[in-house]
Amino acid sequence: MAAIYGLQRQLSMSMAVKQISHISHPVVALVDVHRVYKTGSTEVRALDGVNMSIPQGRLVVIKGRSGSGKTTALNMMGGLDKPTRGQVFFKGTDISTFDEKTLTRWRRKEVGFVFQSFGLLPYLTAYENVELPLKIVRQSGGERRARTEACLELVGLGKRAKHRILELSGGEQQRVGIARALANSPSLILADEPTGELDFATSMKVMDLFRSLVDEHGVTICVVSHDPAVEEFGDKVYEMADGRVLEGE
Ligand code: ADP
Ligand code: MG
């Protein structure tokens with residue numbers, strides 16, 4: 001009896017610890033975020049009171065049909081857009097109050113973006129593309145080289161470093177995109193439809209890579225996708241419709 005009581009106590013204590021760490025450590029949280037676009041006399045409620053949180057060291061998937069508000073939600077997390085109403089907390093700080101200059105500096109340090117069509121410079125090499133964000137923050141030569149090489153290794157492209165983007169397959173290009181997003185060791189990686197231009201097998205490999213970055217390297221990732229196969233990789237899945245998060249995620 002005492003043993004059972006002890007076990008129960010232990011369980012409820014470890015659950016409490018888990019809950020506290022979960023509450024105190026979301027990398028980013030949207031709190032009652034609204035975003036209204038006005039075009040002429042019409043109003044579009046792109047986000048209509050959205051609450052979301054991305055816990056540290058987790059892979060979160062946002063799914064939903066086209067036009068449901070996924071990209072707008074992701075842009076809020078990366079400080080690319082500001083709420084009409086509501087708050088965006090990054091590690092407890094409300095970034096929706098930052099001015100543009102502060103926001104840009106913050107974004108370069110804390111967020112890595114991965115795009116559907118990769119967003120790479122085609123005539124530069126894989127190495128040069130990954131190195132670029134480190135040049136922007138003026139990282140010194142030696143450190144920059146080491147970090148660039150490490151990121152390319154991390155995505156399995158160490159041997160392709162000197163290839164131009166043009167010479168790489170779609171899957172390889174997206175790996176370069178992910179290596180570039182990792183370069184500044186950001187707190188958060190935001191990926192908008194990262195598998196949208198890849199075939200099924202390649203998409204699954206890219207999602208495997210995201211999964212291993214989370215599981216083995218503690219990276220925090222939020223992936224937007226309307227592909228049901230992508231959803232399976234998420235620790236947490238939010239479904240959006242008409243600018244809202246549906247219940248029962
Ligand atoms: P999703 O990524 O899920 O396809 P979005 O977040 O891109 O959805 O868009 C949500 C809604 O907001 C859509 O109805 C879209 O047309 C509208 N919207 C998005 N961006 C703009 C904009 N810059 N101006 C006007 N309406 C926009
Ligand atoms: Mg979108």
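Modeller: Two strands count as paired if DSSP finds at least two bridges between them. Keep in mind that the model is predicted.

Colleague: How do you know that strand E6 (residues 111–114) pairs with E7?

Modeller: Four bridges join E6 to E7, and pairing asks for at least two, so the two strands pair. They run parallel. Within this pair, Phe 113 stands opposite Leu 190 in E7.

Colleague: Why is strand E7 (residues 188–192) called mostly covered?

Modeller: A residue is buried if its relative accessible area is under 20%. Five of the five residues in E7 are buried, therefore the strand is called mostly covered.

Colleague: Which residues of E7 lie on one side and which on the other?

Modeller: Leu 188, Leu 190 and Asp 192 lie on one side, and Ile 189 and Ala 191 on the other. In a regular strand the side chains alternate between the two faces of the sheet. Both faces of E7 are covered.

Colleague: Why is the unit made by E7, helix H7 (residues 200–217) and E8 called right-handed?

Modeller: Look with the strands pointing away from you: a path from the first strand over the helix to the second that runs clockwise is right-handed. The β-α-β unit of E7, H7 and E8 is right-handed, so its path runs clockwise in that view.

Methods:
Residues are numbered from 1 along each chain as its sequence is written. Chains are lettered from A and ligands numbered from 1 in the order in which they are written. This is a predicted model: local features need pLDDT of at least 70, side-chain atom pairs count only at pLDDT 80 or more; totals for chains, interfaces and linings use all residues. Side-chain values use heavy atoms; hydrogens and water are left out. Buried means under 20% relative accessible area, exposed over 50%, partly exposed in between (1.4 Å probe, protein chains only).
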